[in-house]
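User: I would like to learn how to read a structure at the level of single residues. Please take me through it one feature at a time.

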Amino acid sequence: MLNTPNRVYFSSHLAGYKCWRELETALKRQNISYELLPYTADIWVRDFMPVQCANRRWVGYTYAPDYLRNQPQYITDWHKVLPPHRLPCNDAQLVLDGGNIIMCDDKVILTNKIFVENPTLTQAEVLQRVQEAFGAKPVIVPWDKTEPYGHADGMVRYLGNHRVLLTNYMDFDSSLREQLLLALRPHFDVCELHYHTTKPHKWNWAYINFLWVDNRLFVPRLNAEEDEQACAQLGEAFGIPRKHIELIDINMLLRLGGGLNCVSWTIYAPLSPLIKDEFSEAMHKEFVIDAETEIKHKLLCVKQCVHNSSRKDLAYWCKVYGISIEQVIG
């Protein structure tokens, strides 16, 4: 069974975006600790970081999306994000995006873009590799072609107990909704979002791309009629009270084609966070991290974040990582 994620990580680049301070404030208000990942090529950490499965395994994959074919500088190798350590990952031996992987205990939902991204394999071979790597039965849903990335996380999310939540296709695409229900209902109980409004917001599909961590929800805010309706429906679906749901203005991210799930990497870690306190003993018994190594790693993280920034920014990042300015400039 999947554990509720209790750790969240973001690219250090996200701190340069307008939405970051609002998100950071909301995280602190909800008592959610977070870490910033260094050495990422862009902010979309969900897409390239390994996936944690119900059977305590981690799965990596080849991140080489077609939409970045002409922009290889934005393709991150996750092995470089957490040097010199490694997660104990299986290799799916597939081209994949993390945004197209919805773990659901003994099943995993993906759009059929997975077949497009692995043209040298038959569909049967792709499905077999998914089954073997994730230890879960693949459930393939149709790709929403209005979205170029082929990601499932803008369509459906897992609620636990064999229940999934579908975005509000009933409001704007009844044909795709029927196809999705046909694919999902044999495996899950399906809940659906639906908004009652006189003037629907063009981005109201985006509420499904929320961040869920430690039984708290962080939801895109559109400053629209649908905002509170989305909070009420999401809260009911997860059993989370309104006081533990935060609305975040991420219009800039939505214009770029992503949401809060896209810019976050969430995991369940029973002990320490991965970055601040290095890898937890439970996951990495082979590593013994001494104090000197920990400081060096934090120094690298801060230097990656600040570059040529002001002393005020330097002080901010030193506080985040728990080191002094003197250690950085010394």
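User: Is Tyr207 buried or exposed?

Analyst: First, the ground rules. This is a predicted model, where local features need pLDDT of at least 70 and side-chain atom pairs count only at pLDDT 80 or more, while totals for chains, interfaces and linings use all residues. Residues are numbered from 1 along each chain as its sequence is written, and side-chain values use heavy atoms, leaving out hydrogens and water. Now the terms: buried means under 20% relative accessible area, exposed over 50%, and partly exposed in between, with a 1.4 Å probe and protein chains only. Tyr207 has 0% relative accessibility, so Tyr207 is buried.

User: Which ring does Tyr207 pair with, and how is that pair described?

Analyst: A pair of aromatic rings is described by the distance of the centres and the angle of the planes. Rings of Phe, Tyr and Trp (its six-membered ring) pair if their centres lie within 6.5 Å; planes under 30 degrees apart are stacked, over 60 edge-to-face, and the rest tilted. Tyr207 pairs with Tyr195: the centres are 5.4 Å apart and the planes at 65 degrees, so this pair is edge-to-face. Tyr195 and Tyr207 both lie in the loop between β11 (189-192) and β12 (211-213), so the pair ties together parts twelve residues apart in sequence. Strands here are DSSP runs of E, at least two residues; helices are runs of H or I, at least four; both are numbered from the N terminus. Tyr195 is buried too, at 4% relative accessibility.

User: How many aromatic pairs does the structure hold?

Analyst: The structure holds eleven. One of them is Tyr169 with Phe172, a tilted pair at 5.2 Å centre to centre and 50 degrees between the planes. Tyr169 is buried, with a relative accessible area of 1%. Phe172 is partly exposed at 44%. Elsewhere, ring pairs link Tyr9, Trp58 and Trp265 into a cluster.

User: Which residues have the most contacts inside the largest nonpolar core?

Analyst: In soluble globular proteins, nonpolar side chains tend to be buried together. A nonpolar core is a set of buried Ala, Val, Leu, Ile, Met, Phe, Trp, Tyr and Cys residues joined through side-chain atoms within 4.5 Å. The largest core has 47 residues, and Phe10, Leu14, Leu23, Phe210, Leu217 and Phe218 have the most contacts inside it. Helix α6 (residues 226-238) gives the largest share of this core, five residues. A second, separate core has 33 residues, among them Leu37, Val45, Tyr61 and Ala133.

User: What does Leu14 touch beyond its neighbours within four places in sequence?

Analyst: Contact means heavy atoms within 4.5 Å. Leaving those neighbours aside, Leu14 is in contact with Cys19, Trp20, Leu23, Ile43, Leu253 and Val263.

User: Which way do the residues of strand β14 point?

Analyst: In a regular strand the side chains alternate between the two faces of the sheet. In β14 (residues 245-248), Ile245 and Leu247 point one way, Glu246 and Ile248 the other, and all are buried. Two strands pair if DSSP finds at least two bridges between them. Strand β13 (residues 216-220) and β14 run parallel, joined by four bridges. Pro220 has Ile248 in β14 as its bridge partner. The chain crosses from β13 through α6 to β14, a right-handed β-α-β crossover. Right-handed means that, with the strands pointing away from the viewer, the path from the first strand over the helix to the second runs clockwise.

User: Where is Phe115 found?

Analyst: Phe115 is in helix α3 (residues 113-117). Phe115 is buried at 17% relative accessibility.
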